[in-house]
Amino acid sequence: MATVRGSRYLLTIGRWRRSFGIAPQFRALAALVPGVSHVDNKSDFLGKRPHRRHPGILQLSCVRLPQGLAEAAQLLLLGDSMPNMEKQVQALTNYLWSRHLPVEPEELQRRAVLLEKKILENADSCQTEKHHEEVLRALRRTTYHWQELSYNEGLSLVYMAARLDGGFAAVSRAFHEIQARLPEFQPQTLMDFGSGTGSVTWAAHSIWGQSLREYMCVDSSAAMLELAEKLLKGGSGSGMPCVPSVFFRQFLPVSPKVQFDVVVAAFSLSELPSKADRTDVVQTLWRKTGRFLVLVENGTKAGHSLLMDARDLVLNVRFFFLLSPYPPFPTYSHQFLCPHELPCPQLTASKPLACSFSQAYHPIPFSWNKKPKEEKFSLVILARGSPEEANRWPRITQPVLKRPRHVHCHLCCPDGHMQHAVITARRHGRDLYRCARVSSWGDLLPVITPSELPPSPAQDAPES
């Protein structure tokens with residue numbers, strides 16, 4: 001029996017189209033409602049594909065670093081004399097994962113006013129200075145102390161050991177999403193904001209190396225840029241780069257006319273000290289985006305919330321760019337990853353959760369780092385162009401629970417709601433059941449809502 005939030009919501013299996021759009025010759029296969037078991041087995045939904053390769057499968061197998069990158073990272077760490085590297089790597093990993101966003105001045109002021117009122121209510125005297133000191137002490141105890149990380153040579157090396165492999169896995173999964181849905185897309189230029197160790201360049205080269213002719217790496221840390229260049233040259237500063245045409249700089253290109261086919265900010269927006277700074281950076285990155293803007297952060301509530309702010313900023317101020325003296329082409333923007341452009345239901349739920357993905361990867365083979373790991377991350381992909389390219393299939397937002405003769409799927413649906421669907425072969429048909437059973441967290445379930453169906457002749461016929 002299907003569990004549905006809202007009685008109005010139905011799901012119907014749809015036909016596959018290359019861009020994951022809705023084919024006008026749609027034929028219903030099965031509805032996720034109790035008592036419906038009819039399946040049109042003559043449909044070409046799967047074609048000659050097996051169920052385990054249905055069109056919504058987007059999960060990557062266990063990602064492995066390119067051999068040249070892994071060997072360069074090992075060489076750099078073997079030549080380093082830093083003590084207790086394993087402990088430093090673990091400490092930095094824990095710190096980055098547990099990091100919150102900096103408290104905004106307005107929020108700090110609001111907290112101070114509330115604390116002052118509380119202190120005054122319980123005060124025996126009117127010593128203003130004493131009250132102010134109590135407010136400051138209370139703020140220090142209860143406020144998260146965000147600190148900007150200064151990546152010198154030593155910390156950059158620790159960051160490389162801690163995050164190079166996981167960051168590469170997350171970005172590879174993001175690029176795979178674009179490639180799987182738009183195989184004809186062949187970017188020529190890429191910009192990586194907050195490039196760090198350069199994992200974005202390596203991931204992009206692995207997928208689009210035949211077409212990319214320029215990689216622009218932007219990072220404020222000179223030590224990070226130097227480390228990224230060493231990794232490209234096999235761990236030394238004098239070798240030939242494994243990836244050609246990579247340029248490093250500490251500042252974004254000034255000219256508003258300069259655009260890149262793909263712009264990436266991976267684990268970089270969370271390094272900015274305020275919401276105003278993030279807003280300025282996102283607007284700048286979107287102006288420089290020719291086709292896709294890819295934003296990646298940790299799969300935490302803080303990371304997800306930050307990405308939703310960036311997503312809403314781009315989608316809600318698209319007309320700002322129409323008034324720009326250098327309007328990019330095309331001016332329309334749409335959400336490429338989510339099945340809708342409405343507020344994220346994960347954030348508006350009674351118990352907010354982070355919308356995240358999981359990608360398995362093989363870590364850099366250090367002595368403490370041998371078993372495969374999972375990278376949990378949040379992801380937003382924004383695209384310029386016609387919204388027809390955007391899919392309208394629900395995305396699976398949690399691990400699929402496989403039980404005897406039924407499957408539990410948690411879906412983010414095109415109407416902006418979450419749905420917990422319990423799918424069985426008897427009620428929903430063998431094709432949908434088997435597709436759900438082989439799907440994973442982050443995949444698309446190839447079903448659409450009845451509101452997206454073309455009207456049938458029976459529906460158009462006048463009542464007698």
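**Burial and overall make-up**

I looked up burial first: of the 464 residues in the chain, 50% are buried. I note that the model is predicted. I then listed the secondary structure and found 14 helices and 15 strands in the chain. For contacts with a separation of 6 or more, I find that 77% are between residues 24 or more positions apart.

**Strand 10**

I took strand 10, residues 373-384, next. Of its 12 residues, 9 are buried, so I record this strand as largely enclosed by the rest of the structure. I looked up its pairing with two strands. Strand 7, residues 289-298, pairs with strand 10 in the antiparallel sense, and I have 7 bridges for that pair. Within strand 10, A383 is the residue that F292 stands opposite. Strand 9, residues 357-362, also runs antiparallel to strand 10, here over 5 bridges. For Y361 I noted K373 in strand 10 as the bridge partner. As background for reading side chains here, I keep in mind that in a regular strand they alternate between the two faces of the sheet.

**Helix 1 and helix 7**

I turned to a helix pair. Two packed helices are described by the angle between their axes and the distance between the axes, and I looked up both. Helix 1 spans residues 67-78 and helix 7 spans residues 222-232; their axes come within 8 Å and cross at roughly 120 degrees. Which residues of helix 1 meet helix 7? I find L69, A72, A73 and L76 on the helix 1 side, and L227, K230 and L231 on the helix 7 side. Sorted by class, this contact has 6 nonpolar residues, 1 charged residue and no polar ones.

**S439**

My last entry is on one residue. S439 sits in the loop between helix 13 (430-438) and strand 15 (447-448). Is S439 buried or exposed? Its relative accessibility is 2%, and because buried means under 20%, I count S439 as buried. Leaving out residues up to four places away in sequence, I find that S439 touches H54, I57, I396, V400 and L445. With H54, one of these, the S439 side chain makes a polar contact, side chain to side chain, at 2.8 Å.

Definitions and conventions. Residues numbered from 1 in each chain as written. Predicted model: local features only at pLDDT ≥ 70, side-chain atom pairs only at ≥ 80, totals over all residues. Heavy atoms only, no water. Axes fitted to C-alpha atoms, helices over the stretch in contact; angles between N-to-C directions. Helix = DSSP H or I, 4+ residues; strand = E, 2+ residues; numbered from the N terminus. Contact = heavy atoms within 4.5 Å. Nonpolar A, V, L, I, M, F, W, Y, C, P; charged D, E, K, R; others polar. Buried < 20%, exposed > 50% of the residue type's maximum accessible area, 1.4 Å probe, protein only. Polar contact = N/O pair within 3.5 Å; in protein donor to acceptor, adjacent residues only side chain to side chain. Pairing = 2+ DSSP bridges.
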